[in-house]
Amino acid sequence: MAATLLFSILLAVAVTILSILLALYLIPVTLSTVADCRRESLRATATVAWGIVGARVRADDGVQVLEVLLAGRPVMTRDLREVARAPPEKKAEARGPALPVREYIDAAGDLWPHLRRILAAVYRSLYLETLRGNVTLGLESPADTGVIYGYCTAARYALWPAEAIDFVMTPVFDHEVFEGTFTLRMQIRWPLLIIIPAVRALLQKPVRQRLRQVSGRGAPGA
């Protein structure tokens, strides 16, 4: 009797895991973003949906709301400002000072072998429906501005289908600025193919150490 019960439980667990993996392979994730960023205000909406389940973040003139969606309808709404003001249940881990943009660029170079595999999976799974934008960007360092502008220009011609893209970035080298409009809608058709290389990378200790460093929670040798 006990053996039969144990077998039934293991079978149910196996069927559940296989069902989740099959769903992650067959059901696409839809992402959409609409943003209008100015010096005086920021209005943005970002939505992530997988099947009938989704989440949406809205930011509009200081109002920041997280909505949990079911079949496209909000079933739960949380004010993100209240969540941020809520006292933590336990002492937060100490964080180091913010790193310059160059440190993040160097980290991307160190992690590139892993990022390349993940990006290859994203490229195979990604279907871009719409990308429209007109952005003016200026960072503290003119060199960093040029690097980001170069990456965005290269990505512009690497993404497919190219006819769905109308994105213009204007670099500014004499002062800091970030403003413009942005509209994005795309699908990740096979999420499981992206999760597999991402999990493989996170299982490696050097990757976790580098990620901790750039997040301000540790040093490369920690």
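The protein chain exposes about 15,300 Å², of which carbon and sulfur atoms supply 65%; accessible areas come from the Shrake-Rupley method with a 1.4 Å probe, and for residues only the protein chains shown count as cover. This is a predicted model, in which local features need pLDDT of at least 70, side-chain atom pairs count only at pLDDT 80 or more, and totals for chains, interfaces and linings use all residues. Residues are numbered from 1 along each chain as its sequence is written, and side-chain values use heavy atoms, with hydrogens and water left out.

**Overall composition**

- The secondary structure comprises 7 helices and 8 strands, taken as DSSP runs (helices H or I, at least four residues; strands E, at least two) and numbered from the N terminus.
- Of the 222 residues of the protein chain, 22% count as buried (under 20% relative accessible area, 1.4 Å probe, protein chains only).
- Among contacts (heavy atoms within 4.5 Å) between residues at least 6 apart in sequence, 61% join residues at least 24 apart.

**Helix α6 and its partners**

- Helix α6 (residues 191–202) packs with α4 at an angle of about 175 degrees, the axes lying 8 Å apart; axes are lines fitted to C-alpha atoms, for helices over the stretch in contact, and angles run from 0 to 180 degrees between N-to-C directions.
- That angle makes α4 roughly antiparallel to α6 (over 145 degrees).
- In this contact, H114, R117, I118, A121, V122 and S125 of α4 meet P191, L193, I194, P197, A198 and A201 of α6.
- By class, the α4 and α6 contact has 9 nonpolar, 2 polar and 1 charged residues (nonpolar: Ala, Val, Leu, Ile, Met, Phe, Trp, Tyr, Cys and Pro; charged: Asp, Glu, Lys and Arg; polar: the others, Gly among them).
- The axes of helix α1 (residues 2–26) and α6 come within 5 Å and cross at roughly 110 degrees, and the two helices are therefore roughly perpendicular to each other (65 to 115 degrees).
- L21, L24 and Y25 in α1 meet P191, L192, L193 and I195 in α6, a contact with 7 nonpolar, no polar and no charged residues.

**Residue S125**

- S125 lies in helix α4 (residues 112–125) and counts as buried because its relative accessibility is 0%.
- A polar atom of the S125 side chain lies 2.7 Å from the backbone nitrogen of W190.
- Leaving aside neighbours within four places in sequence, S125 is in contact with Q187, I188, R189, W190, P191 and I194.

**Residue T47**

- T47 is found in strand β2 (residues 42–50) and, at 17% relative accessibility, counts as buried.
- Beyond its neighbours within four places in sequence, T47 is in contact with T30, L31, S32, A55, R56 and L69.

Terms used
Buried < 20%, exposed > 50% of the residue type's maximum accessible area, 1.4 Å probe, protein only. Polar contact = N/O pair within 3.5 Å; in protein donor to acceptor, adjacent residues only side chain to side chain. Parallel < 35°, antiparallel > 145°, perpendicular 65-115°, else oblique.
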